[in-house]
Amino acid sequence: MIEPHPQPDWWPTSWQTRPALQQPKYSDSQALARAVDELSLLPPLVTSWEVNELKRQIADASAGRRFLLQGGDCAERIEDCTPSSITSKLKILLQMSLVLIHGAKKPVTRVGRFAGQYAKPRSDDQETKNGVTLPSYRGDLINRPAFTLADREPDPQLLLRGYERAALTLNFLRALVRGGFADLHHPEYWDLSFAQNSPMAGEYHRIADTIGESLRFMENVLGVHREEIQWVDFFTCHEALHLHYEQAQTHQAPHNKGWFNLSTHFPWIGMRTAQPDGAHVEYFRGIRNPIGIKIGPKADLDTVKRVIDIVHPDNEPGRLTLIHRLGHQQIEAVLPKLLEAVHSTGRKVLWICDPMHGNTHVTGNGYKTRRFEDILSELEQAFDLHTANGSMLGGVHFEMTGEDVTECIGGARGLTELDLARGYRSEVDPRLNYEQALEMALSIARKMRR
Ligand code: PEP
Ligand code: CO
């Protein structure tokens with residue numbers, strides 16, 4: 001691994017000298033300082049070894065030898081830290097990855113939007129209902145969704161509650177994976193009970209059986225050791241939006257040089273906070289994690305290049321992932337120019353498509369939703385546009401859940417706007433439900449095989 005230059009004038013707190021967008025306004029700054037101090041003394045959630053391993057896998061993916069699957073809730077909820085919710089998240093991620101391994105014919109790295117995806121950027125600082133104006137809900141790390149002044153007041157103690165729930169989530173996930181739940185020999189452990197009647201069940205089980213046969217072939221005929229392929233691993237990611245939270249969990253590791261954000265393996269900068277002179281870019285400049293940056297359709301290309309110079313000066317393999325979220329109607333016009341601009345920097349990056357955030361609309365009956373067909377269309381275009389422009393799509397990023405919600409419309413089950421009222425649970429963006437997520441994976445696996 002190449003040794004990047006130490007970043008001059010950088011400190012976990014140096015972001016505080018820059019304009020920080022999308023930060024909550026706490027009325028009691030002493031209480032915030034106490035919470036941040038307390039958080040900074042608590043143990044890390046992940047280790048620098050794991051972080052470096054993910055960086056190595058991302059480097060592999062940017063060289064075309066791996067594929068990255070990133071997904072989970074738009075906004076994780078503290079109250080959803082339950083065994084069934086956590087196992088569902090793991091199951092859908094495992095099932096989708098199995099389908100993608102089959103489609104891509106390469107290993108898949110799983111990165112869950114979980115164990116810390118608790119802070120949300122909002123387009124408006126305030127929300128007005130029936131003539132009452134209150135601060136917007138910004139995620140469970142900051143305030144609560146109920147529409148009362150007390151719930152919407154940012155509460156520094158929630159930083160600790162979020163960290164604790166992230167730790168509990170991760171603890172259970174690690175135990176499941178270590179305990180054999182993620183054993184590739186037993187994909188039947190990952191089946192979700194309500195999914196047996198799904199239109200996708202047959203195709204999925206055929207793929208699971210094929211993978212089981214390939215495993216047995218490798219073991220029995222090629223003599224590949226069971227231990228070498230038995231376990232799947234997975235990583236965590238979240239939008240590193242709340243900079244006091246991220247700063248508090250930024251540590252130096254005894255055996256790896258530099259500073260690491262040890263609240264997650266893979267933090268990303270959201271579309272709204274990626275200004276070259278802003279606090280988020282300043283913070284990300286100094287950490288050694290592999291990092292992501294979201295890029296929207298209105299991004300200025302010179303600005304993107306400046307940000308790349310700042311956070312990716314050494315062209316370190318695996319360091320930078322660019323996640324484009326352009327929308328199915330705009331991707332064709334925008335992506336080729338973006339690819340050319342990034343190519344001109346001479347830096348290598350991993351390209352991922354987030355087909356969710358450019359395809360959101362509000363229905364006549366007031367629900368924020370996304371059409372399955374728009375999401376798939378953006379993804380299919382992404383694969384083709386990368387290939388046509390001498391680049392390569394190395395991963396996908398979804399908002400999804402292992403549960404039976406009705407938040408996105410379309411898909412094999414043909415959900416319509418009228419179905420949204422039945423199982424709409426997200427406080428922020430609409431997620432693909434279990435069936436839609438699996439169908440999406442099957443569709444892109446077919447696309448990759450073509
Ligand atoms: C998100 O991933 O939930 C999000 C807010 O994305 P973006 O920054 O791309 O809008
Ligand atoms: Co979202």
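Let's start on a helix: Arg-174 is found in helix α5. Keep in mind as you look around that this is a predicted model. With a relative accessibility of 31%, Arg-174 counts as partly exposed, because that value falls between the 20% limit for buried and the 50% limit for exposed. If you skip residues up to four places away in sequence, Arg-174 touches Leu-45, Val-46, Glu-50 and Phe-234. Take Phe-234 as an example: this residue sits 60 residues from Arg-174 along the chain, yet the two C-alpha atoms are separated by 9.0 Å.

Now zoom out to the helix itself. α5 covers residues 157-178, which makes 22 residues. From first C-alpha to last, α5 reaches 32 Å, close to the 32 Å expected at 1.5 Å a residue. Which residues of α5 are buried? They are Leu-158, Leu-159, Leu-160, Gly-162, Tyr-163, Ala-166, Thr-169, Leu-170, Leu-173, Leu-176 and Val-177. What covers these buried residues includes α1 (29-41), α3, β5 (234-239) and α8 (243-248). Just after the helix, Gly-180 takes a positive phi of about 110 degrees.

One of those buried residues, Leu-159, leads us to the nonpolar interior. The largest nonpolar core has 108 residues, and Leu-159 is among those with the most contacts inside it, along with Leu-322, Phe-398 and Leu-432. Which helix gives the most to this core? That's α3 (residues 83-104), with 10 residues. There is also a second, separate core of 12 residues, which includes Leu-54, Trp-268, Leu-350 and Ile-352.

Next, the metal. The cobalt ion (ligand 2) is coordinated by Cys-74 through SG, His-357 through NE2, Glu-399 through OE and Asp-429 through OD, at 2.1 to 2.5 Å. Along the sequence, those donor residues follow the spacing C-x282-H-x41-E-x29-D. Look at the pair Glu-399 and Asp-429, which links distant parts of the chain, 30 residues apart. Glu-399 belongs to strand β14 (residues 395-399), whereas Asp-429 is in the loop between β14 and α13 (434-449).

α13 has 16 residues and reaches 23 Å from its first C-alpha to its last, close to the 22 Å expected at 1.5 Å a residue. Of those 16 residues, 14 are buried, so α13 is largely enclosed by the rest of the structure.

An oxygen atom of ligand 1 is 3.0 Å from an N or O atom in the side chain of His-357. For Glu-399, too, a side-chain N or O atom is 3.0 Å from an oxygen atom of ligand 1. How many residues surround ligand 1? There are 13, and the closest are Lys-120, Met-271, Arg-272, Lys-294 and Arg-325. In the case of Arg-272, a polar side-chain atom lies 2.8 Å from an oxygen atom of ligand 1.

For another arginine, head to helix α4 (residues 149-152), where you'll find Arg-152. Arg-152 is buried because its relative accessible area is 3%. Its side chain reaches the backbone oxygen of Pro-135 at 3.0 Å. Beyond neighbours within four places in sequence, Arg-152 has contacts that include Glu-127, Tyr-137, Asn-143, Arg-144 and Phe-147.

Gln-22, in the segment before α1, has a positive phi near 65 degrees, in a residue other than glycine. Lys-105, in the loop between α3 and β2 (108-113), isn't a glycine either, and its phi is positive at about 55 degrees. Where do their side chains stand on burial? Gln-22 counts as buried at 18% relative accessibility, while Lys-105 is exposed, with a relative accessible area of 60%.

Key:
Residues numbered from 1 in each chain as written. Chains lettered and ligands numbered in written order. Predicted model: local features only at pLDDT ≥ 70, side-chain atom pairs only at ≥ 80, totals over all residues. Heavy atoms only, no water. Core = buried A, V, L, I, M, F, W, Y, C linked by side-chain atoms within 4.5 Å. Buried < 20%, exposed > 50% of the residue type's maximum accessible area, 1.4 Å probe, protein only. Helix = DSSP H or I, 4+ residues; strand = E, 2+ residues; numbered from the N terminus. Donors = N, O, S within 2.8 Å, 3.2 Å for Na, K, Ca; no water. Expected span 1.5 Å × (residues − 1). Near = heavy atom within 4 Å. Polar contact = N/O pair within 3.5 Å; in protein donor to acceptor, adjacent residues only side chain to side chain. Contact = heavy atoms within 4.5 Å.
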